[in-house]
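Welcome! Here is a short tour for anyone meeting this protein for the first time. Take a look at the sequence and the model, and then read on.

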Amino acid sequence: MDPPTAIRSPAPFRPSGLRLPGRTDPGARSRKHPDQPGRPGQRTRREFEYIRPGAVSIIAALNVHTGQVLTESIDRNNADTFIGFLRQLNESIPAGTSIHLVIDNGSSHVAKKTKARLATRPRFNIHHTPKHASWLNQVDLFFSTLTRRLLRRGQFASRDELAAAIDTFVLAYDEHDAKASRWTYDGSPLKAA
């Protein structure tokens, strides 16, 4: 297996609470024809046809105490890849720190191989989000930001260009936009709408 190509945050990544889903296939795309610049009273015109030269799958961990994100581009979203990412987290977090992972029920997270690995690592405390409730996982807020700020209007000529743009975005996000998560829900029952 190739060594991980993770983005290293400028500050040390020291979480005890992590949110970990994967985002599959943000697609690289470029327009078939260039945009026509806007003029006074007219918006920029964009051709609807585009070319898809490839996609990038990423896995991410969000440090809830700092808001920083650690990402890695992955070729396959399977148990081996997920275990490799957990190894990387284990090495980047100081020994003696308990690690709480909030993950969905994706196949790589609930695979027998993953469960067996985590059973022998008491440092990792696993918390699964309920089915159809991935919105509870705070790293999805980061993926939303990534989509809105970079992917939605971005034009990328190749898969490598998209991966480099994501790497640059994550480093800038960690440096300028990362904020600690603060839950405000006190556990009282919610009112029906």
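A residue is called buried when its relative accessible area is under 20%, exposed when that area is over 50%, and partly exposed in between. F142 has a relative accessible area of 1%, so F142 is buried. Please keep in mind that this is a predicted model.

**Overall layout**

- The protein is built from five helices and eight strands.
- Following the sequence, these elements come in the order β-β-β-β-β-β-α-β-α-α-β-α-α.
- Of the 193 residues in the protein, 38% are buried.

- Is Y173 buried or exposed? Y173 has a relative accessibility of 12% and therefore counts as buried.
- Together, F142, F143, F169 and Y173 make up one aromatic cluster.

**Salt bridges across the chain**

- The model has three salt bridges.
- D75 forms a salt bridge with R159, and their closest N and O atoms are 3.9 Å apart.
- D75 is found in the loop between strand 6 (69–74) and helix 1 (79–92), while R159 is in helix 5, so the pair ties together parts that are 84 residues apart in sequence.
- D75 has a relative accessible area of 70%, so D75 is exposed.
- R159, at 29% relative accessibility, counts as partly exposed.
- D80 and K113 meet through their side chains in another salt bridge, with 2.4 Å from N to O.
- Because D80 lies in helix 1 and K113 in helix 3 (residues 112–119), this bridge ties together parts that are 33 residues apart in sequence.
- D80 counts as partly exposed, because its relative accessibility is 37%.
- D177 forms a salt bridge with R149, where the closest N and O atoms are 2.6 Å apart.
- With D177 in helix 5 and R149 in helix 4, the pair ties together parts that are 28 residues apart in sequence.
- D177 has a relative accessible area of 28%, so D177 is partly exposed.

- Where does F124 lie? F124 is in strand 8, which covers residues 124–128.
- F124 has a relative accessible area of 9% and is therefore buried.
- F124 and I99 are 25 residues apart in sequence, and their C-alpha atoms are 4.9 Å apart in space.

**Patches on the surface**

- Which residues form a positive surface patch? R43, R148, R152 and R153 do.
- Among them, R148 lies in helix 4, which spans residues 139–151.
- R148 counts as partly exposed, because its relative accessibility is 47%.
- A nonpolar patch on the surface is formed by W183, Y185 and L190, which together have about 410 Å² of accessible area.
- W183 is placed in the segment after helix 5.
- W183 has a relative accessible area of 52%, so W183 is exposed.

Terms used: Residues are numbered from 1 along each chain as its sequence is written. This is a predicted model: local features need pLDDT of at least 70, side-chain atom pairs count only at pLDDT 80 or more; totals for chains, interfaces and linings use all residues. Side-chain values use heavy atoms; hydrogens and water are left out. Patches are made of residues with over 30% relative accessible area and no salt bridge: like charges are joined within 9 Å, nonpolar side chains (Val, Leu, Ile, Met, Phe, Trp, Tyr) within 5 Å. Accessible areas come from the Shrake-Rupley method with a 1.4 Å probe; for residues, only the protein chains shown count as cover. A salt bridge is a side-chain nitrogen of Lys or Arg within 4 Å of a carboxyl oxygen of Asp or Glu. Lys and Arg count as positive and Asp and Glu as negative; His and the chain ends are not counted. The place of a charge is taken as NZ of Lys, CZ of Arg, CG of Asp or CD of Glu. Helices (H or I, at least four residues) and strands (E, at least two) are DSSP runs, numbered from the N terminus. Buried means under 20% relative accessible area, exposed over 50%, partly exposed in between (1.4 Å probe, protein chains only). Rings of Phe, Tyr and Trp (its six-membered ring) pair if their centres lie within 6.5 Å; planes under 30 degrees apart count as stacked, over 60 as edge-to-face and the rest as tilted.
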